[in-house]
Amino acid sequence: MNDQHDQGALGDAEYAEFMELAAEEGFDIEDVEGAIEAAASGPLPVLAVVGRPNVGKSTLVNRIIGRREAVVEDKPGVTRDRVTYEAEWAGRRFKVVDTGGWEQDVLGIDASVAAQAEYAIEAADAVVFVVDAKVGATDTDEAVVRLLRKANKPVVLCANKVDGQSGESDAASLWSLGLGMPHPVSSLHGRGTGDMLDAVLEALPEAPAQTFGGAAPGGPRRIALIGRPNVGKSSLLNKVAKEDRVVVNELAGTTRDPVDELIQLGGITWKFVDTAGIRKKVHLQQGADYYASLRTAAAVEKAEVAVILIDTTETISVQDQRIITMAVEAGRAIVIAYNKWDELDEERRYYLEREIETEMQQVAWAPRVNVSALTGRHMEKLVPAIETALAGWETRVPTGRLNAFLGEVVAAHPHPIRGGKQPRILFGTQAGSKPPRFVLFASGFLEHGYRRFIERRLREEFGFEGTPIHISVRVREKRGAQHKKK
């Protein structure tokens, strides 16, 4: 274990004691170090896959992540609930943002491809640009190249649909794009994808190139305002800024570009990102939803805190749930802002509270503020809620205290017996924060329900208000298997 990450979970003496305990319990020391390092790695670097429609982006994403998850269809207007996936190659993990599978709108292919590419590139540390080698470089491809040059991100050029030697010359012609060596690939059959992914690992940083908030340590904390279109994000930003900095319109999707604003609030300077809506040019509803997902994913990847706005005048929707899940999976501190509270009558307020109990269980730990972006009601409660969430997000528990707590929990509530065996948590450590990440070392597989129980008890004991908690479990190998490995 080294000090290259910022967690510093174990000091030298504590580390030696911890490793002695691990050895006594029969764990391989390298395995323990690897588990802690993997958990402590923090935010994963982000790879965006961009290119015009029908060049095979979603097929390539499925090949990269090793499973058929991104939707692959020829039909225009295909949308996906999720546009970010986790992948691993040669022992390194990274996130993949898929921009494939959505056909152009009626206003022209260039505008829609450019919009997709901009949103994805914004969140990315590196880019795979996919071109159909059989067709060659088109005007739209050239337009995307201009975007990529402007963004100044590392680019790996993927010459797709090269199914044999005959396609190699087609791939070679793409040198003309000026993006370096084209990697001949067949995403359908897997040909050449290994070499391309090797190039991707060279382009990706070991950790994200940007610091949180895109600022040096000590700079303004970065807040992403997220929520479905027309929920009041721009109005909220204008209210906290005390001026009209963002266009507000009843037509959902009037914000074209993310607007970063340095705003004084509660005596502190914050960097707010308004992520409202999508481009005015997009008229197809499926495309609008898809752009909103990309926009939200891009903002969340760059933020420390996600303030999720919920429109209280409408039923909590599946789209609200997806946005919450996106922020939780990204590991950001979270505040839930229930907007338009001043418009509620007693009946709606009653039913809303029932909805919150049933539909918002996954973020019951997040600070809640009831606000009105229009009138400014309870805006003064926003900063304390954000500060609470950040404090939980950055909390660290000393290893000795954690293990004393785990010992008490396991003694009082042992894991259920399954198949004649009763797995036990032997010891654990907090490998990192932002968000808190724990590694538990166990004698056997811990069921999902028991992990959730441990998470609940961690929250009861140590707080962690406003932050997701990541728990990974490393199971002790049978001693015979260890000897075989050696």
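## Overall make-up

In this predicted model, 52% of the 486 residues of the protein chain count as buried, that is, with under 20% relative accessible area; over 50% is exposed and in between is partly exposed (1.4 Å probe, protein chains only). The accessible surface of the chain comes to about 21700 Å², computed by the Shrake-Rupley method with a 1.4 Å probe, where for residues only the protein chains shown count as cover. Carbon and sulfur atoms account for 49% of that surface.

The chain holds 15 helices and 15 strands, taken as DSSP runs (H or I, at least four residues, for helices; E, at least two, for strands) and numbered from the N terminus. Among contacts (heavy atoms within 4.5 Å) between residues at least 6 apart in sequence, 73% join residues at least 24 apart.

Residues are numbered from 1 along each chain as its sequence is written, and side-chain values use heavy atoms, with hydrogens and water left out. As the model is predicted, local features need pLDDT of at least 70 and side-chain atom pairs count only at pLDDT 80 or more, whereas totals for chains, interfaces and linings use all residues.

## Nonpolar cores

A nonpolar core is a set of buried Ala, Val, Leu, Ile, Met, Phe, Trp, Tyr and Cys residues joined through side-chain atoms within 4.5 Å. The largest has 29 residues, of which Val 50, Val 127, Phe 129, Leu 148, Leu 157 and Leu 177 touch the most other members. At least two residues of this core come from each of β1 (46–50), α4 (109–123), β4 (126–132), α5 (139–151), β5 (155–160) and α9 (285–302). Helix α4 gives the most, with five residues. Apart from this core lies another, of 28 residues, including Ile 223, Val 369, Leu 382 and Ala 385.

Leaving aside neighbours within four places in sequence, Leu 177 is in contact with Phe 129, Val 131, Ala 137, Glu 142, Val 145, Arg 149 and Leu 157.

## Helix α13

The buried residues of α13 are Thr 399, Leu 402, Phe 405, Leu 406, Val 409 and Val 410. They cover an arc of only 130° around the axis, which puts them on the same side of α13; the arc is that of the directions from the helix axis to the C-beta atoms. On the other side of α13, Gly 400, Glu 408, Ala 411 and Ala 412 are exposed.

## Backbone exceptions

Most residues other than glycine have a negative phi, and most peptide bonds are trans. The peptide bond from Lys 434 to Pro 435 is cis, with omega near 5°; Pro 435 sits in the loop between β13 (425–432) and β14 (437–442).

Asn 152, in the loop between α5 and β5, has a positive phi near 60° and counts as exposed at 67% relative accessibility. His 378 has a positive phi of about 60°, lies in the loop between β12 (368–370) and α12 (382–393), and is partly exposed at 23%.

## Model confidence

The chain averages a pLDDT (the predictor's confidence in each residue, from 0 to 100) of 80, and 79% of the residues score at least 70. Among the elements, helix α15 (residues 479–485) has the lowest mean pLDDT (45) and strand β11 (residues 333–339) the highest (97).

The pLDDT is below 50 over residues 244–258, a stretch with 44 contacts beyond near neighbours in sequence. It is also below 50 over residues 480–486, where the corresponding count is six contacts. Where pLDDT is low, the predicted coordinates should not be read in detail.
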